[in-house]
Amino acid sequence: MTADFHLYLDSADLGELRACLPHPVVHGVTTNPTLLRRAGVSRAELPTLLRECLALGARQVQAQVQAADTEGMLDDARRLLAGFDPGQLVVKIPATRDGLRAGAQLSAGGHPVTYTAVYAPEQAHFAAMLGAAYAAPYLGRLEDSGIDGLGLIARMQALVAQTGAPTRLLVASVRSREAYLALLVLGVGAITIPPRLFPALLDHAATVEAERAFLADAQAMA
Ligand code: E4P
């Protein structure tokens with residue numbers, strides 16, 4: 001049995017993504033309009049970027065709607081989903097009143113949805129009620145605003161688990177290895193990390209040093 005956990009990379013920068021992918025510990029890539037703007041990716045270029053991520057081994061890619069009303073969100077979602085196999089593209093929708101309406105229709109149609117910008121436990125519970133694949137709270141940003149982010153996410157996790165729904169918390173705004181490990185202890189089902197955190201999780205100095213010594217001994221063996 002393998003661990004039922006999804007690690008995502010949170011980036012729209014192909015250079016950053018190529019430094020990590022392909023890698024079997026990575027489930028997918030999350031994007032949002034802020035990351036796209038920062039990486040200089042236009043609306044028209046987004047499908048190509050998402051396809052490149054899949055070609056790099058991502059099993060799922062996530063892209064966000066860019067409208068604030070339910071119908072606009074659904075139009076955006078249909079445009080995003082066109083050309084991807086079922087389940088490959090997860091539609092990200094802010095967990096607003098309209099967002100929950102749009103997401104519920106998409107989930108009912110069998111499309112995976114992430115409710116994003118989840119700041120309150122009841123929003124995570126609504127995500128589970130509506131059959132979302134993911135609900136994304138932002139740990140670092142919660143803590144920036146003086147909230148006990150881990151405590152709040154623990155409450156969300158308990159509420160989602162209680163529903164029995166397959167919805168996973170997909171924690172974003174994770175800025176350190178310590179935060180990542182604390183979230184694993186809480187039992188969240190998914191975490192998205194900036195690629196700059198990838199080496200801190202994958203490349204441990206003591207392991208690299210042990211390997212170096214083994215390789216030196218292997219060379220010196222009779
Ligand atoms: C999530 O979708 C964002 O990309 C993430 O929260 C950004 O993290 P930051 O708060 O460290 O900028």
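The legends below describe close-up views of a predicted model. Local features need pLDDT of at least 70 and side-chain atom pairs count only at pLDDT 80 or more, whereas totals for chains, interfaces and linings use all residues. Residues are numbered from 1 along each chain as its sequence is written, and side-chain values use heavy atoms, with hydrogens and water left out.

View A. Leucine 142 belongs to helix α7, residues 139-144 (helices are DSSP runs of H or I, at least four residues, and strands are runs of E, at least two, numbered from the N terminus). Leucine 142 is buried at a relative accessible area of 0% (buried means under 20%, exposed over 50%, partly exposed in between, with a 1.4 Å probe and protein chains only). Beyond its neighbours within four places in sequence, leucine 142 is in contact with Tyr119, Ile147, Gly149, Leu152 and Ile153 (contact means heavy atoms within 4.5 Å).

**View B. Salt bridge between arginine 168 and aspartate 4.** The two side chains meet at 2.6 Å, N to O (a salt bridge is a side-chain nitrogen of Lys or Arg within 4 Å of a carboxyl oxygen of Asp or Glu). Arginine 168 lies in strand β7 (168-171) and aspartate 4 in the segment before β1 (6-10), so the pair ties together parts 164 residues apart in sequence. Arginine 168 is buried at 15% relative accessible area, whereas aspartate 4 is exposed at 57%.

View C. Aspartate 76 is buried at 12% relative accessible area, while arginine 79 is exposed at 59%.
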